[in-house]
Amino acid sequence: MSTEVVVRPVRDVDAEMLGRVHATCWHEDYDTLVSTAVLENLSPLRMAELWTHWMNQGESYTHVAALVDHEIVGFAGAGPARDDDAPRARELFFIHLLDAWHGHGIGQQLFDAVIPEGPAYLWVPEANTHAIHFYERNGFAADGASHDEPFLGEIIHEIRLVR
């Protein structure tokens with residue numbers, strides 16, 4: 001594929017498009033992890049409101065978007081560790097990419113933009129083996145920690161990966 005991908009920091013004007021893409025990604029990524037009813041109640045508008053908050057958290061937070069033909073196709077976010085017992089100071093909060101763009105290196109570009117070389121950690125659904133393999137290729141390994149994460153009124157079992 002010769003399509004040009006631009007990865008750049010998110011901007012205030014991106015909130016609405018980020019909300020739509022985020023809701024779509026959650027449908028694609030979590031359809032086997034939570035009930036259809038939960039996903040049907042996702043609001044792109046609510047996701048846009050969350051993005052407005054996230055992108056204004058401060059300089060220690062990094063949020064980027066991947067664009068193809070000026071349309072957002074994925075995004076990633078990282079920042080200071082949120083856990084009291086964090087194994088590293090920096091945490092990868094999320095990487096999401098529309099299914100149609102998987103396998104084109106965009107996820108790697110997003111990852112590299114928010115998690116440079118060095119120590120970091122993340123939580124990932126244990127059932128998301130595709131994501132786990134991606135993180136393992138980037139030097140992460142499970143450290144034995146796990147928890148049940150509330151997600152839209154349901155629970156997703158997550159494991160912690162550390163580098």
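α1 (15–30), α3 (44–54), β4 (90–97), α4 (106–114), β5 (121–125), α5 (129–137), β6 (141–151) and β7 (154–162) each give at least two residues to the lining of the largest pocket. Helices (H or I, at least four residues) and strands (E, at least two) are DSSP runs, numbered from the N terminus. A pocket is an open set of points on a 1 Å grid over the protein atoms alone, where a 1.4 Å probe fits, with protein on both sides within 12 Å along at least five of seven lines; lining residues have an atom within 4 Å of a point.

The model is predicted: local features need pLDDT of at least 70, side-chain atom pairs count only at pLDDT 80 or more, and totals for chains, interfaces and linings use all residues. Residues are numbered from 1 along each chain as its sequence is written, and side-chain values use heavy atoms, with hydrogens and water left out.

Strand β4 supplies the largest share of the pocket lining, 7 residues.

The structure also holds 14 aromatic pairs. Rings of Phe, Tyr and Trp (its six-membered ring) pair if their centres lie within 6.5 Å; planes under 30 degrees apart count as stacked, over 60 as edge-to-face and the rest as tilted. Two of the pairs are tabulated.

| Pair | Centre to centre | Between planes | Class |
|---|---|---|---|
| Trp-26 and Tyr-30 | 6.1 Å | 75 degrees | edge-to-face |
| Phe-75 and Phe-94 | 5.7 Å | 75 degrees | edge-to-face |

Phe-75 lies in strand β3 (residues 71–80) and Phe-94 in strand β4, 19 residues apart, so this pair links distant parts of the chain. Because Trp-26 and Tyr-30 are 4 residues apart in helix α1, about one helical turn separates them.
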